[in-house]
Amino acid sequence: MSGLLWPVEGSPDALELIAAGCQEAGSQISDLLVAIQGLRTGVWDSPAGEAFAASLGEVSAILQRVAMRYGDAAGAIDTYAAALRLAQARAQAALESHRDAEEQVLSLEDELWQLSCAGEGAGTTAYESALGRQRQAVGQSLAAEGDHTRAAQDADEANEVCAATLRRIADDVIADPVPYRVLHTLSQVGATMASLALIPHPATRAVGAVGGLVATGADVSLRLFYDEGSWGDLLLAAFFTGLGTSGKVLKAGSGLGVEKGADKTFTLTRTYTTGERVRAASAQRWRGYLDSFDPRTARSGAAATVSATTPATATVAGGGGLGARLGQLRQRAADAVRNQVDKHFLDGLRKAKINDTTTMFAAGITLQGTSKVAPRLVPDPAPPPPQGSPRPAREAVSTAAGPTP
Amino acid sequence: MTRIRVDADEIVTLGHQLIALADALSAAGDGSVDRWAFGGDPSGDAFEELVGQWRLHRLRLVASLADLGEAALTAGGVYVDTESALAGRLLTGGPQ
């Protein structure tokens, strides 16, 4: 005997509701088609009415097809619902019979054991009677399993027939062409992948970036080849894709005009309007982007990485045992994390408070998202001032923005 | 001379019907929420395909129906206004 039997999946009640919905949709469209036909028989008998009826011609052909789709589907789903209801009832009856038989078999097993213990073993009337009843229960259980299997097979066959009918109905002139389906699927999958960029991990951000590209490519193709969507929507999507960058600009802009002194106090040195803050911070980011292509800056950055790492290694190497070295490493990492937090967040917040631009700072943090802030808690070596550079980037930005009272 | 015979109320009703159908079709889902009722593949897949995979024509149909519905509403409204004004003038003997 096998284990438990399971009910046959699916809901005939829900299927009947779906079928009724399809039927109703088909009927409403058919009624509308009748009303459209009525236009030509006196409701709107004028040149304007003729033009309108002509415009409805193409729409009517598609509506007819849609009405047929829903009407035919309703019939197929209703048929399947009836077959499924019958199969489920048979499966349920088999399931209950099987459960009863299993319980009886176990109960008789106990009875046989007790009879054996009492000295009434095989050959005695009581034992043989109990054994006979147990054989009957086993037979009932096996028969129930067979019934359940046949009911499940019938449900599967009805499912296959329904599927074949629905597929035949769906294979018509209004079915989406294959290239369109592919592009639409790419758009959806790409958008899902792009949402992974919100998870603060380099791998997910990379996947998110690829997903964003795939989705944008698919959306542009849909716009170009199928006239779907609008260029405005696409630009809006591109804008939201760049929110991370926008967040950085807002956060940096909120702190402009406040300098941190050697004694770690903050001083207001210049006032900016909101527009000037955004422009200045944008210029700062753009300048940083261009600097990244400058070989001199790139070389000095590489040197900075080495020079910032080497002393730490030397200090650690000069310590005692492995435990002491690990302790020093942990301490150093903790200090670096604190410094990083202080540098990237608290300083910005303090500057924003002095500038009364806390909201702008908060908006910047929000737009950047956890994905941008959290990875930076892992200390990056601070780059030294670029060698040969005429002045620090911050001064350059301040000059580029220009003071405005 | 062009002969015009118009039932303005019918035209307005038709406009409402067209717009209602456009709304219903634009909100039509992809069938994925109902596929559980089929008890799994393959009929669940087929139903999803039937309901969802005529999106291109559905969106174009929605746009056409909305445009035609608005046109019918506008025209029907104008006919109603014209008939009202004409009836008023005939009853009061105003300028013809």
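Of the 405 residues of chain A, 33% count as buried, buried meaning under 20% relative accessible area with a 1.4 Å probe and protein chains only. The model is predicted, so that local features need pLDDT of at least 70 and side-chain atom pairs count only at pLDDT 80 or more, whereas totals for chains, interfaces and linings use all residues. Residues are numbered from 1 along each chain as its sequence is written, chains are lettered from A in the order in which they are written, and side-chain values use heavy atoms, with hydrogens and water left out.

Chain A holds 13 helices and three strands (DSSP runs numbered from the N terminus: helices are H or I of at least four residues, strands E of at least two). Its accessible surface comes to about 23300 Å², of which 61% belongs to carbon and sulfur atoms; areas come from the Shrake-Rupley method with a 1.4 Å probe. Of the contacts in chain A (heavy atoms within 4.5 Å) with a separation of 6 or more, 73% are between residues 24 or more positions apart.

Within chain A, helix 4 (residues 178-195) packs against helix 5 (residues 202-226) at an angle of about 150 degrees, with the axes 7 Å apart. Axes are lines fitted to C-alpha atoms over the stretch in contact, and angles run from 0 to 180 degrees between N-to-C directions. That angle makes helix 4 of chain A roughly antiparallel to helix 5 of chain A, the term applying to angles over 145 degrees. The residues of this contact divide into 14 nonpolar, seven polar and one charged. Ala, Val, Leu, Ile, Met, Phe, Trp, Tyr, Cys and Pro count as nonpolar, Asp, Glu, Lys and Arg as charged, and the others, Gly among them, as polar.

In chain B, the elements run β-α-α-α from the N terminus on. Buried residues make up 33% of its 96 residues. Chain B exposes about 5300 Å², with carbon and sulfur atoms supplying 56%. Among its contacts between residues at least 6 apart in sequence, 65% join residues at least 24 apart.

Between the chains, the axes of helix 2 (residues 47-117) of chain A and helix 2 (residues 43-52) of chain B come within 12 Å and cross at roughly 165 degrees. These two helices are therefore roughly antiparallel to each other. A:Arg69, A:Ala73, A:Ile77 and A:Tyr80 make the contact from chain A, and B:Ser43, B:Phe47, B:Glu49 and B:Leu50 from chain B. Five of the contact residues are nonpolar, one is polar and two are charged.

Methods:
Buried means under 20% relative accessible area, exposed over 50%, partly exposed in between (1.4 Å probe, protein chains only). Angles under 35 degrees count as roughly parallel, over 145 as roughly antiparallel, 65 to 115 as roughly perpendicular and the rest as oblique.
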